[in-house]
Amino acid sequence: MQQAPGGGPGPVDGCRGPVSAVVVNPVKVADVDKLRRTVRGTLVDAGWPEPLWYETTIDDPGLGQTRAAIEAGAEIVFACGGDGTVMSCVSGVVGTEVALAVLPNGTGNLLAANLGLSNDLAAGLEVALERGRRRLDVGAVDDRYFTVMAGMGFDAQMLDSTSETTKARIGWPAYLVGAARHLRDRPMRVQIRIDDQPPLRRRARSVLVANVGRLQGGVRLLTGAEPDDGYLDVAVLTPRTLRHWAALGWALLRRQGRIPRMEVFRGKRVEITSNRPQPRELDGDLIEPDRTLRVEVRPEAFWLCVPRPEQAPDLADDAEAVAERGERRVEEARRE
């Protein structure tokens, strides 16, 4: 079991828990005051100090707030919001001994999906309180980091075409609506260089560089991707017709070992160059379009609060049991 400094299963002999801070995107939360009461009540009832509280802004989606929390003495930072909030908080804790915990509130939060947390606030709190930690790799694109995956092509097009209103109404299936608009788009010609290997040339619809393998809705795209092995997995998707897309999607839903129209590679440095500018994304958050996407792994870059700290490939192991314990804890705190 890995634990961050000062870790343990909980308060012992009256000792107080670690100093924590919440970095919340108020746009993603229906009732910020209720959230604050629930988080504060649950943590204080468990013997932790009252958490520090920071709200993100349009100009600063979480990085500055996370750094301020660390300067104020926070040992655990709760990221509460969508993918952009989580990614900004990750950038703030990379290279420190401060642990990140996810309190998912945005639609389709990718890191939360890989932890098996869905939008379960109680489970996110319980994961932190039980002190399970894993030190994870991140992918770096220039001065930005991602924990799940970066992508160029179809995946970013899908995100760009998915309405915020539709996401708020129906959740992650909204991405399927965005995806349907681009199934017939022409492929891009790409050159993919992995480490010092000769470049690969493909006509691809999407190239994904992943640290872990679960997509929206809990679908496992890359079953071999492990978040702390020092490598990134590269998925090259090459469907050309609706039948190809259907076969690929069916294989994913059935969790088949081999996915048609998808090649998988591994490496520590990946450079993808397209014949024309392409939309790009990091952890479900769009970044500026470009012809190139350069990614490298940063091994053991930060501590993450996880449902199960053992070295299991799937970060979501034990998530259901943690959620049940979390619901009981939150209810007990509300009654007191």
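User: Leaving aside its neighbours within four places in sequence, which residues is T238 in contact with?

Analyst: Happy to start there, keeping in mind that this is a predicted model. T238 is placed in the loop between β11 and α9. Its relative accessibility is 16%, so T238 counts as buried. Beyond its neighbours within four places in sequence, the contacts of T238 are R203, A204, R205 and R261.

User: R261 turns up in that list; where is R261 placed, and what is its phi?

Analyst: R261 is in the loop between α9 and β12 (262-267), and at a relative accessible area of 36% R261 is partly exposed. Most residues other than glycine have a negative phi. R261 is not a glycine, yet its phi is positive, about 60°.

User: Is R131 buried or exposed?

Analyst: R131 also has a backbone angle to look at: without being a glycine, R131 has a positive phi of about 65°. The loop between α5 and β5 (133-141) holds R131. Buried means under 20% relative accessible area. The value for R131 is 6%, so R131 is buried.

User: Which elements do the buried residues of α9 pack against?

Analyst: In α9 they are H244, W245, L248, A251 and L252. These residues cover an arc of only 130° around the axis, and therefore lie on the same side of α9. The partners that the buried residues of α9 pack against are α6 and β11 (232-237).

User: And which exposed residues are on the face of α9 turned away from its buried side?

Analyst: The buried side includes W245 and L248. Exposed means over 50% relative accessible area. On the face turned away from the buried side, the exposed residues of α9 are R243, W250 and L253.

User: How many aromatic pairs does a search of the whole structure find, and what is the geometry?

Analyst: The search finds one aromatic pair. F154 in helix α6 (residues 154-160) and W245 in helix α9 (residues 242-253) are 91 residues apart, so the pair links distant parts of the chain. Both partners are buried, F154 at 8% and W245 at 11% relative accessibility. The pair of F154 and W245 is tilted, with 40° between the planes and 4.5 Å centre to centre.

User: What lies over the face of Y231, and at what distance from the ring centre?

Analyst: Here a charge sits over a ring, for which the cut-off is within 6 Å of the ring centre. The residue over the face of Y231 is K268, at 5.2 Å.

Definitions and conventions
Residues are numbered from 1 along each chain as its sequence is written. This is a predicted model: local features need pLDDT of at least 70, side-chain atom pairs count only at pLDDT 80 or more; totals for chains, interfaces and linings use all residues. Side-chain values use heavy atoms; hydrogens and water are left out. Rings of Phe, Tyr and Trp (its six-membered ring) pair if their centres lie within 6.5 Å; planes under 30 degrees apart count as stacked, over 60 as edge-to-face and the rest as tilted. Helices (H or I, at least four residues) and strands (E, at least two) are DSSP runs, numbered from the N terminus. Buried means under 20% relative accessible area, exposed over 50%, partly exposed in between (1.4 Å probe, protein chains only). A charge sits over a ring if NZ of Lys or CZ of Arg is within 6 Å of the ring centre and within 35 degrees of the ring normal. The arc is that of the directions from the helix axis to the C-beta atoms. Contact means heavy atoms within 4.5 Å.
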